[in-house]
Amino acid sequence: MRTIPRESPAIRYLAINGTVEAGYEPVAEAFADNFRRRRERGAACTIYHRGQKVVDIWAGTRCHRSEAEWERETLSLVFSVTKGMAAAAMAVAHGKGYFELDAPVADYWPEFGTAGKSSITVRQLMSHQAGVITIDRPVTPQDLADHDRMGRWLAQQEPLWKPGQYHGYHTFTLGWYQNELIRRTDPQGRTLGQFFDAEIARPLDADFYIGLPESVPDHQISRTHGYHKIKALAHLNELPPGMIAAGIWPRSLTARSVKFMRLGDPATLADPKFRRVEIPSAGGFGQARAVARIYDVLARGGQELGLDGKTFGELCRPATMPERGSRDVVLKLNVGYGFGFSKPSDGFQFGSDEAAFGCPGAGGCFAMADPSTELAFAYLTNTMSFRIFDDPRERAVREAMYRCAGASTLNHTRAA
């Protein structure tokens with residue numbers, strides 16, 4: 001590993017900081033190209049290959065208003081990349097024998113078994129098939145801080161479709177249901193954020209938080225540049241048209257999956273009132289090197305986190321499809337899920353084969369593990385686009401990674 005050479009073309013145009021292993025310079029070039037051609041303003045990227053960190057770079061500003069530089073220790077809001085970190089926690093809990101994937105959730109959480117949910121399995125829940133995508137009342141940061149109250153509200157929800165028949169993105173709720181499973185099966189009764197911190201972040205020295213502690217100073221946190229949801233109407237070419245059309249109708253599944261949070265701008269999740277509470281599906285803060293480090297361990301079997309072959313096999317298993325096929329009734333796309341992760345699908349192809357798993361984050365973030373090539377990748381940005389995944393910025397860097405690693409990728413279906 002070495003510092004990016006000053007003669008690199010990337011340095012002629014942009015002050016990229018960090019280190020790149022020999023042979024991975026094209027990754028830095030693609031990263032720099034994002035700032036030159038794709039309106040990137042602040043980002044970080046880390047890549048592991050076969051257990052070795054081969055890329056760890058960052059550039060741009062952590063705050064567009066003050067133009068303060070993105071630094072090595074900068075933490076950023078990663079939106080649904082957090083789902084991958086929550087899923088990693090669930091994998092560790094599964095490896096400890098806390099739950100079985102094909103057991104009903106109600107076996108571990110009896111109150112969950114009301115309102116038509118008694119037969120929903122843990123696997124269905126973590127594959128976005130349970131139909132519990134909303135909470136039937138507005139939710140405040142104060143509510144989110146009260147785990148007992150949230151648990152009661154979650155248990156009362158009725159599925160919005162027959163569980164197992166369809167899948168639909170549980171935009172916010174998945175993480176809180178996972179939190180309740182952890183709280184009820186962990187002998188110490190920890191929350192998901194506490195469990196993640198103790199069992200994953202600290203052992204791996206990974207700076208990632210689900211519920212940002214007060215000890216993290218404000219100047220270490222990147223300011224995410226978001227947008228008001230109305231502006232999405234001007235970017236229909238970047239978002240699934242069916243999702244936009246459904247989102248306008250307040251009673252649609254798409255709208256109901258998010259409206260209870262009352263967020264006019266997704267970047268509101270970075271406000272102090274939200275970042276201090278646990279939002280395991282969308283509110284994590286961390287560094288690209290932390291996310292990539294965790295995916296690296298998972299890509300190589302997860303032994304450092306206590307995973308066994310059974311749990312690792314579940315992570316690598318192809319997407320668990322519902323009865324009615326791959327069409328997501330919230331996103332209006334053909335996608336796949338498994339164990340809380342996104343999986344390669346016709347609508348979103350990534351990795352070298354079906355064993356890959358990861359999670360995109362709204363506006364351009366993405367992180368993944370590719371067990372077949374032992375690659376782990378994380379790209380974090382504070383400049384939101386209007387894409388929900390497959391952003392041209394992260395994809396350009398990801399594709400450069402595969403070329404440098406000499407590995408093949410799944411064919412992409414959409415042009416950058």
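1. Let's start in a loop: Arg 39 sits between α2 (25–37) and β3. Its phi is near 60°, a positive value in a residue other than glycine. Is Arg 39 buried or exposed? Arg 39 is exposed, with a relative accessible area of 74%. Please keep in mind as you read on that this is a predicted model.

2. Lys 332 lies in the loop between α13 and β9 (336–338). Lys 332 is not a glycine either, yet it has a positive phi of about 65°. Its relative accessibility is 25%, so Lys 332 counts as partly exposed; the cut-off for buried is under 20%, and for exposed over 50%.

3. Now step back to the whole chain. It holds 14 helices and 13 strands. Of its 416 residues, 63% count as buried. Take the contacts between residues at least 6 apart in sequence: 67% of them join residues at least 24 apart.

4. Nine of its 12 residues are buried, so β4 is largely enclosed by the rest of the structure. Which strands does β4 pair with? One of them is β2 (residues 17–20), which runs antiparallel to β4 over four bridges. To locate this pairing, look for Gly 18, whose bridge partner in β4 is Ile 57.

5. Gly 42 is bridged to Gly 60 of β4. The two strands form a hairpin with two residues between them, and in this hairpin Arg 50 takes a positive phi near 55°.

6. Strand β5 (residues 68–69) is another antiparallel partner of β4, joined to it by two bridges. Cys 63 has Ala 68 of β5 as its bridge partner. The hairpin of β4 and β5 has four residues between the strands, and Glu 67 there takes a positive phi near 65°.

7. There is also an open sheet of three strands, in the order β6-β8-β7, with antiparallel pairing. Why is one side of β6 (76–77) and of β7 (208–209) left without a neighbour in the sheet? Both stand at the edges, each with a single partner strand, so one side of each has no neighbour in the sheet. Strand β7 pairs with β8 (residues 285–286) in the antiparallel sense over two bridges. In that pairing, Tyr 209 is bridged to Phe 285 of β8.

8. Helix α7 (residues 173–185) has 13 residues, and at 1.5 Å a residue it should span 18 Å. The expected span is 1.5 Å times one less than the number of residues.

9. Helix α7 is mostly covered, with 12 of its 13 residues buried. Among these buried residues are Trp 176, Tyr 177, Leu 181 and Ile 182, and also Glu 180 and Arg 183. What covers the buried residues of α7? The covering elements include α3 (81–95), α4 (122–126), α5 (141–145), α6 (147–156) and α8 (192–201).

10. Helix α3 deserves a visit of its own. Its axis and that of helix α13 (residues 309–316) come within 9 Å and cross at roughly 145°. This crossing is right-handed. On the α3 side, Ala 91, His 94 and Gly 95 make the contact, and on the α13 side, Lys 310, Thr 311 and Leu 315. These residues divide into two nonpolar, three polar and one charged.

11. Finally, look at Ala 88, which lies in helix α3. Ala 88 is buried, with a relative accessible area of 0%. Which residues are in contact with Ala 88, leaving aside its neighbours within four places in sequence? They are Ile 200, Ile 294, Leu 298 and Phe 341. The C-alpha atoms of Ala 88 and Phe 196 are separated by 8.1 Å, although the two residues are 108 residues apart along the chain.

How values were computed: Residues numbered from 1 in each chain as written. Predicted model: local features only at pLDDT ≥ 70, side-chain atom pairs only at ≥ 80, totals over all residues. Heavy atoms only, no water. Buried < 20%, exposed > 50% of the residue type's maximum accessible area, 1.4 Å probe, protein only. Contact = heavy atoms within 4.5 Å. Pairing = 2+ DSSP bridges. Axes fitted to C-alpha atoms, helices over the stretch in contact; angles between N-to-C directions. Left-handed = near helix turned anticlockwise from the far one by under 90°. Nonpolar A, V, L, I, M, F, W, Y, C, P; charged D, E, K, R; others polar.
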